[in-house]
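Here is a friendly note to read alongside the model. Please keep the structure open as you go through the points.

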Amino acid sequence: MGCCCSCCEKEDGLSEKELEMKAKKLSISKNMTSPNVEIGDRGEISGEGLALAGVQIEQDAAYWEWHIKLPSKTHCDTIMFGVTSKKNRGFYEELEDKILGEEGVSSQHTGTNWMRKVEVENGDVVGVAVQQSDLPMIQFYLNSEPLHDRAVNRFRGNVYPAICLPKSASGKLKVNLALEESDFKQRSPGERFGPVIVARSIV
């Protein structure tokens, strides 16, 4: 007579190790994120600088969310959301040299040229919808309300979900990334905008 060990298998028949690997795929990539950004055990991020999800957007249309945590009656208007290309440690070292050298640092240099500022406060949900077919476009939503004036009308190449945490909010701002539909707090803007599909990932 056999026995079933519930501690070895979890949801969808996945083992604990497989679930852990899945969670890592659907979270912030330490290797592509600024060393000034702290990544918590459950994927919560804080600090300052650019942070990238560890999964490339490969489908024609995708949607994900950022969940904001701030002290009560506090807002932040310099945090940026959107997409960016693949980054590595060399990128951040070069950026630091430019900043220390007091050179002009453009959005191209910081990796934020396909990102936009959204003013947020505690409990807000910032949704990002990307379409790559026809006319590539990035649309932003604040608590389900579209922010038409923030839309990015063109981008190119391989991109990753990204956020840029401002220095001014360091120590106060914490953010969670939601890539799976079960973690969404708002509805996507349309059926074609599904959760990001993990084809390849970078931890």
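**Notes on the predicted model**

1. Let us begin with a charged pair: the side chains of R150 and D149 form a salt bridge, with N and O 2.6 Å apart. A salt bridge here is a side-chain nitrogen of Lys or Arg within 4 Å of a carboxyl oxygen of Asp or Glu. D149 is exposed, at 61% relative accessibility, and R150 is partly exposed, with a relative accessible area of 26%. These words follow set limits: buried is under 20% relative accessible area, exposed is over 50%, and partly exposed is in between (1.4 Å probe, protein chains only).

2. Some ground rules before going on. This is a predicted model, in which local features need pLDDT of at least 70 and side-chain atom pairs count only at pLDDT 80 or more, while totals for chains, interfaces and linings use all residues. Residues are numbered from 1 along each chain as its sequence is written, and side-chain values use heavy atoms, leaving out hydrogens and water.

3. How many salt bridges are there by this rule? The count is 2. Besides the pair above, K69 bridges to E44, with the closest N and O atoms 2.9 Å apart. K69 belongs to strand 4 (residues 61-69) and E44 to the loop between strand 1 (37-39) and strand 2 (45-47), so this pair ties together parts that are 25 residues apart in sequence. K69 is partly exposed, at 41% relative accessibility. Helices (H or I, at least four residues) and strands (E, at least two) are DSSP runs, numbered from the N terminus.

4. Four of them make an open sheet in the order 3-12-6-7, with antiparallel pairing; two strands pair if DSSP finds at least two bridges between them. Strand 3 (49-52) and strand 7 (115-117) are the edges, each pairing on one side only. Within the sheet, 5 bridges join strand 6 (residues 80-84) to strand 12 (residues 160-165), and G82 has A162 as its bridge partner in strand 12.

5. Strand 13 (174-178) deserves a look too. It runs antiparallel to strand 4, joined by 5 bridges, and I68 stands opposite V175 in strand 13.

6. Which residues touch the most other members of the largest nonpolar core? They are W64, W66, I79, F81 and V120, in a core of 37 residues. Such a core is a set of buried Ala, Val, Leu, Ile, Met, Phe, Trp, Tyr and Cys residues joined through side-chain atoms within 4.5 Å. Strand 4 gives the most to this core, with 4 residues. Leaving aside residues up to four places away in sequence, V120 touches I68, L70, T74, H75, C76, I79, F81, V126 and L142; contact means heavy atoms within 4.5 Å. A second, separate core has 11 residues, including L52, F91, M115 and Y160.

7. Finally, confidence. The average pLDDT (the predictor's confidence in each residue, from 0 to 100) is 86, and 81% of the residues score at least 70. Strand 8 (residues 120-121) is highest at 98, whereas helix 1 (residues 16-25) is lowest, at a mean of 50. Over residues 1-11 pLDDT stays under 50, and the model has 9 contacts beyond four places in sequence for them. Where pLDDT is low, the predicted coordinates should not be read in detail.
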